[in-house]
Amino acid sequence: MKKRTIFFFVFIVLMPRLLAQTDTQQVLQEAKKFRFLSPQQQDIVKEGLFFAPWPILSYDQDKGWQIGAMLYVYDFGNGNSYPSPRQQWAIEASYYHKGSQQYTLKYDTKHLIPKVRLSVAATLNYDQAANFYGFNGYMTKYDYAGIKLWTKQKDKTGLPMEYNPIFYRVEKMNFALKVDFSGNIIGKHFFWQAGYCLGWYKWSSVDRKKINKGKSADRVFDGNTLYDYFNLWGIIPSEEQKGGFSSAIRLGLMYDSRDVEMAPNKGLWAEGHLRLAPHFLGTTHSYYAYFLSVRHYIAIVNDVLTFAYRLNYKGTIGKYIPYYMMSIWSVFGQETDKEGLGGYRTVRGLLRNRVQGLDVAFFNAELRWKMFKFQLWKQNWCVAINAFCDGGLVTRKYNISYKGTINSTIIEKYNEYVNQTQKESLHLAAGGGAKLIINQNFILAIDYAQPFKKQDGGACFYLNTGFLF
């Protein structure tokens, strides 16, 4: 019974794969080969190219439903490098029903340049209503009760404009391109890193015409957003308000002893790098920052049960960084840079961009259980579940003192939403999820997270790809 249930689950998830088979008899023959593997049994060693096209249908609390398509291509060559591919490509294009668009191209190879790994990634994002919750975490108020009331009450007439979720939104457009190189220094695990990244970041107040299109009169937003107020209060310097260009070189060191890159069971992966963006490289507002990350994978029961944790730190060198770069987490390698603390790729369960400051730290702790693995359609499969706790904290604050004009109404609103005496503390969330792993590289992921405090939002549900780290 258990075997038939799992087969039905795989059948539903892999409907596109089944439809691609024109020979029904061949499908039936392959299905008969479906079998569970014991932990001692070995994977099929993959050779050549493995194509993983997939429709994108996911949900992110901050962006809504995502619809699109992606194609992952893995080149395993003659199989000697399996489960690590010799090179891989990824193409993604998607649209979120709340107005976001995202386009990504990635390429990673270990064999194009002798003894050097090359990673290239480009991404274009447009978000007509991105999250903006101010700076310094709890020092900026998030009116959870007000937002909840606006959401629950059918007739919004008479409710303050600040209760509308659009109050915490900003329109953003950004393009980023990065080229990274890495190579061995000593032994198999110690590496140097060097790269260049170019980014264009544009921020503006939400377009009222777009946001209000098709809405009834009681749902229309026509007041100032929190982002507008941060400009009026002088917290965001006038010369930075429209965003700018970032042209930076990156230099770093890495230690990596993971047994499997995408679904590790054991090993240590630690790295640190500088991001240097002076004016002479073309940067609009020069800045300097550093990024540290430690990821440790501890095999409790062989490759079945693993405890994994990640510690990340982002620091500003000096006392200045343009506000639009505070939300960028610089990432070396095949992945694109991450935008905003919160969401699936950094801290699950927290509102995206809820935690921003000059220096920020976050952690993830996760228990992963690979419940069973099997072989089907000449591919290696694994079903896993996970339980986790994530958290983040501003460790050095951005200057949020009032610098605007003398205006009693504006100052009153500042005093309502900014409290510099409020103590910042750890933002925490916990939850669990499930993973479907194909050939130890392509991973479909489901996660659910609940923040500990209402100031960090409500329950979150994520459908995505890959392990978080």
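**Notes on the predicted model**

1. Let's start with Q42, which is found in the loop between β1 (35–37) and β2 (49–60); helices (H or I, at least four residues) and strands (E, at least two) are DSSP runs, numbered from the N terminus. Q42 counts as exposed because its relative accessibility is 63%, where exposed means over 50%, buried under 20% and partly exposed in between (1.4 Å probe, protein chains only). Q42 and N380 sit 338 residues apart in sequence, yet their C-alpha atoms are 9.5 Å apart in space.

2. A word on ground rules: this is a predicted model, with local features needing pLDDT of at least 70 and side-chain atom pairs counting only at pLDDT 80 or more, while totals for chains, interfaces and linings use all residues. Residues are numbered from 1 along each chain as its sequence is written, and side-chain values use heavy atoms, with hydrogens and water left out.

3. How confident is the predictor? The protein chain averages a pLDDT (confidence in each residue, from 0 to 100) of 88, and 90% of the residues score at least 70. Over residues 1–24, though, pLDDT is below 50, and this stretch has 25 contacts in the model beyond near neighbours in sequence; contact means heavy atoms within 4.5 Å.

4. Overall, the protein chain has seven helices and 19 strands, and buried residues make up 54% of its 469 residues.

5. Now the inside. The largest nonpolar core has 44 residues, of which F132, F135 and W233 touch the most other members. A core here is a set of buried Ala, Val, Leu, Ile, Met, Phe, Trp, Tyr and Cys residues joined through side-chain atoms within 4.5 Å. Among the elements that each supply at least two residues of this core are β6 (116–131), α4 (144–152) and α6 (226–232); α6 gives the most, with four. Apart from this core lies another, of 20 residues, including I56 and F442.

6. F135 deserves a click: leaving aside neighbours within four places in sequence, its contacts include F230, Y323, M326 and Y398.

7. On the outside, there's a nonpolar surface patch with about 1000 Å² of accessible area together, and its members include Y103, F175, W200, I249 and F280. Patch residues have over 30% relative accessible area and no salt bridge, with like charges joined within 9 Å and nonpolar side chains (Val, Leu, Ile, Met, Phe, Trp, Tyr) within 5 Å. A salt bridge is a side-chain nitrogen of Lys or Arg within 4 Å of a carboxyl oxygen of Asp or Glu. Areas come from the Shrake-Rupley method with a 1.4 Å probe; for residues, only the protein chains shown count as cover. I249 lies in strand β9 and counts as partly exposed because its relative accessibility is 35%.

Methods
pLDDT = per-residue confidence, 0-100.
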